[in-house]
Amino acid sequence: MKLKTKLTLGVGLLFLLIVLLSVIGSVYINKLKSDTEKILTANYNSLEFSKNMLLALDNIDTDSAIAVKDFQKYNKLQEKNLTEFGEKEATQNLNLHFNNYLKGATREKEKLIREDLSRIMSLNMKGIERKSDIAIITAENATFWIVSLGTVCFLIAFILLFNLPQTIAEPIDQLTFSIRQIANKNYSERVHFKGSEEFNSLAESFNVMAEKLQEYESSSLSKQLMEKKRIETLVNNMHDAVIGLDENHFIYMINDEALKITNLHKEEIIGKTAHEVAVNNDLLRELLKNIDHPVKEPMKIVRDNKENYFEQDIIPINITKTGEKEKKYIGKVILLRNITPFKELDFAKTNFIATISHELKTPISAIKMGVQLLGNQKFGALNEQQQELLKSINEDGQRLLDITGELLNLSQVESGNIRLTIEKCSPKEIVQAAVKNVEKLAEQKNISIQSEYVLSEEDYVTADFDKTVWVMNNFLTNAVKHSYQDEAIHIKVEKMDSLIQFSITDTGCGIDEKYHRQIFDRYFQVPGEHQNGTGLGLAISKNFIEKQNGEIGVKSSLNHGSTFYFRLPAA
């Protein structure tokens, strides 16, 4: 336990007991005062009133009117001071007997009045005795608690007086002896205190110092230089650019690859702060801009008339010094990983997808047209099997056409060549265009599509009409696929501050919340669902909406349907 904690607990407990002693003393003194006041204000007054009524009764013969008046006055005061059990009944009897006495005075009636007064005085005398006993008990309790707490306070003060000086002085004597040993170059000396945590921390710090002095004494400078040279050679032969900064952003290391891409010379920058060098170096300035929050997008750097791509990674350096337990931050390393070969392969893949998708779209469209012509009765009647075959060919052709369209959109997204025509559009027209595209698909399952507009006719959205209709169409198609037969799909368009939200709600089986963050990823499909799609529609939708400065999301839970929504800026 820490010495500070011991002192706090000891002195704090002593202080608490003193406060408690004061509180208990005050409580019992107030209680004694209250008991005394009850005797004086209640019982004593009743005795005084009864005595005065007896005197008035004795004077009725000599001065009848004044004596009666005095008797009635003290009787009324007695009626307001009923504090003992039975006193109320005795006072009521007194009133009754006195009224009878006034109607006709007799010795018997006077005797009854005197008996009532004697009864009242007797009850109050017993009350005084009982309350005196309570006051005595209160005084005894007060004496007991005050003496007990006083004894405990004395014991605590006695313990602190005899233990505290020794607890502080003994470790200081031991530490003084050990410091003298270190001064005499006896670096193997260690201290081990028992007791408080403060002295244990002091012992640990002293032992760390002794350990470092011993390590320094036995270390070899040539060995350290060799290790430093080996590490520098290893870093210089890396294919990734490496720049080392200390905790104050001074450059202490830079390898040859980093010098090449930054067009800097080692002797010009080592020992300078990164911000000084960045004043005249665009690349380093860009790196420092994102040093606390590295960008995920690759950096494009032109070198030898060729575009090169690098991923930026910031690695904080934390070390545990000799003899210490906690790690200490000593700087960071900026790492630029060359991903140019992978980027070139990615471009090739995107171009390949775009080319193949474009080339496939024309023959697939021709196949669909041929199927439609064959289905025309003008070219001859078809039997049932031929019609089923044509229907299957038409569905597969449409699926291939949808896939090639998605791949073409994906190639635009990946290459960053999404062509948008942002204009002022009517939300109602966007919804109507999308609904028209899926009407036949919905009719096959007898699904109705209901639209609700919570905005005025003057509210417009800033968007690319075709791309937004494509996203809406994708949401509606998915809603039809996942909805049950004879159900309804609800479309709601509403204004939310400076945005307009389009939401499509279906009554399908819903999506587990753990898949919500992945649902807009490329090629992702919810496990367990037997779908014939590519998993690209929602990913492309996300890119289309975000490129228009919008937001996209989903609200869904299992067995409760799904609501897909997107928001676009209002015009």
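Residues are termed buried when their relative accessible area is under 20%, exposed when it is over 50%, and partly exposed in between, with a 1.4 Å probe and protein chains only. The model is predicted, and local features therefore need pLDDT of at least 70 while side-chain atom pairs count only at pLDDT 80 or more, whereas totals for chains, interfaces and linings use all residues. Residues are numbered from 1 along each chain as its sequence is written, and side-chain values use heavy atoms, with hydrogens and water left out.

Helices are DSSP runs of H or I with at least four residues, numbered from the N terminus. In helix 2, the residues Ala67, Val68, Phe71, Tyr74, Asn75 and Gln78 are buried. These buried residues fall within an arc of 135 degrees when helix 2 is seen down its axis, the arc being taken over the directions from the helix axis to the C-beta atoms, so they line one face of the helix. Ala65, Lys69 and Lys76, on the other side of helix 2, are exposed.

Glu110 is placed in helix 4 (residues 107–183) and is buried, because its relative accessible area is 13%. With residues up to four places away in sequence not counted, Glu110 touches Leu57 and Tyr101, contact meaning heavy atoms within 4.5 Å.

The structure holds zero disulfides, a disulfide being a pair of cysteine sulfur atoms within 2.5 Å. Cys425 counts as buried at 4% relative accessibility, whereas Cys509, at 30% relative accessibility, counts as partly exposed.

Notes. Helices (H or I, at least four residues) and strands (E, at least two) are DSSP runs, numbered from the N terminus.
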